[in-house]
Amino acid sequence: MSDAILKRLVCQEKIMTNEQGSTFNPIDYTTAIIFPERLVEPDSWVEHIPFASYLINAIEPELFVELGTLSGNSYCAFCQAVKAFNLKTRCFAVDTWEGDAHTGMYGNEVWENLKNHHDSRYCSFSRLIRKKFDDASNDFTAGSINLLHIDGFHTYDAVRHDFETWSPKLSKRAIVLFHDTNVKVKDYGVYLYWDELKKQYPSFEFFHGHGLGVLAVGSDIPKPMLHLFEQSAEIEKVRRYFELLGANVRKQWKIQTDLVKLQMEMQLANERYQESISYYSSSKSWKITQPLRSIADIFRKSKKNPS
């Protein structure tokens with residue numbers, strides 16, 4: 001961690017902590033500072049990438065499963081953290097990579113793009129499982145999953161079914177993440193099921209980035225996570241801190257997206273320019289007027305260099 005980053009963190013602490021006796025210290029969350037290797041469309045999860053990094057380091061899960069991966073912003077962030085912290089975590093992404101009514105249907109190019117990025121970096125500890133969630137659940141033993149991220153179809157019935165189907169696979173120290181807990185449009189029902197679950201289990205919720213619910217399902221909550229489930233004034237500072245980190249990642253994604261767009265526009269402009277040159281140089285009028293252009297060139301040179 002560079003001195004410059006630490007100074008910015010200390011400065012942020014002074015801004016966020018005004019009252020005496022505050023226990024919040026951003027330096028406790030330096031593992032959340034991550035420069036994502038993968039930022040692609042869609043961008044709905046990018047603001048939670050810092051928490052993904054922090055969470056992986058905090059609980060050091062033996063087995064992590066993600067249900068609903070799409071282009072892989074979230075999953076690759078978890079894998080990047082596993083690799084960066086040199087953990088022994090085994091990771092599994094489950095998806096059909098075909099799309100649904102919420103994400104829209106898409107072709108095989110999404111799967112291929114993710115697979116190329118993933119396999120060159122994480123294949124030693126991670127697998128992409130191209131199956132339906134219910135079918136994939138049979139591949140995991142009871143009580144084996146320490147971290148589960150549910151981000152599939154977002155209706156109330158679908159989210160409830162996913163949680164209930166995979167609950168027997170969760171360990172005693174399991175943490176479950178639910179994305180889109182703050183989306184209340186159309187038939188999205190994650191927030192409705194989340195309201196039920198947080199009455200049954202210790203929970204914490206981020207409201208930015210469409211909402212991310214953090215649920216402590218197991219009876220043995222990892223110690224580094226206990227403070228998140230305490231209802232105190234410090235929790236608001238934690239929530240705000242990760243919101244700020246997430247906003248920085250979104251800015252990075254926006255700059256990267258604009259840069260790619262600019263490169264594509266420049267390439268297109270160059271191709272059109274080359275096509276124009278090719279067209280005019282091959283045209284009959286261009287060939288007929290070649291002698292005149294040669295005479296004009298000689299005339300211009302003679303004016304520049306008079307004898």
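**Close-ups of a predicted model**

**View 1. The largest pocket holds about 670 Å³ of space.** This is a predicted model, where local features need pLDDT of at least 70, side-chain atom pairs count only at pLDDT 80 or more, and totals for chains, interfaces and linings use all residues. Residues are numbered from 1 along each chain as its sequence is written, and side-chain values use heavy atoms, with hydrogens and water left out. A pocket here is an open set of points on a 1 Å grid over the protein atoms alone, where a 1.4 Å probe fits, with protein on both sides within 12 Å along at least five of seven lines; lining residues have an atom within 4 Å of a point. There are 31 of them, and Asp-100, Thr-103, Asp-151, Gly-152 and His-154 sit nearest the centre. By type, the lining splits into 15 polar, 9 nonpolar and 7 charged residues.

**View 2. Arg-250 joins Asp-43 and Glu-47 in a network of salt bridges.** A salt bridge is a side-chain nitrogen of Lys or Arg within 4 Å of a carboxyl oxygen of Asp or Glu. Arg-250 meets Asp-43 at 2.6 Å, N to O, a pair set 207 residues apart. Arg-250 also meets Glu-47, at 2.7 Å. Arg-250 lies in helix H8 and Glu-47 in the loop between H1 and H2, so this pair ties together parts 203 residues apart in sequence. Glu-47 is buried at 14% relative accessible area, while Arg-250 is partly exposed at 24%; buried means under 20%, exposed over 50%, and partly exposed in between (1.4 Å probe, protein chains only).

**View 3. Asp-195 and Lys-198 pair up in another salt bridge.** The distance is 3.3 Å, N to O. Asp-195 is partly exposed at 30%, and so is Lys-198, at 36%.

Definitions and conventions. Points joined across faces, edges and corners; volume = space filled by probe spheres on them. Nonpolar A, V, L, I, M, F, W, Y, C, P; charged D, E, K, R; others polar. Helix = DSSP H or I, 4+ residues; strand = E, 2+ residues; numbered from the N terminus.
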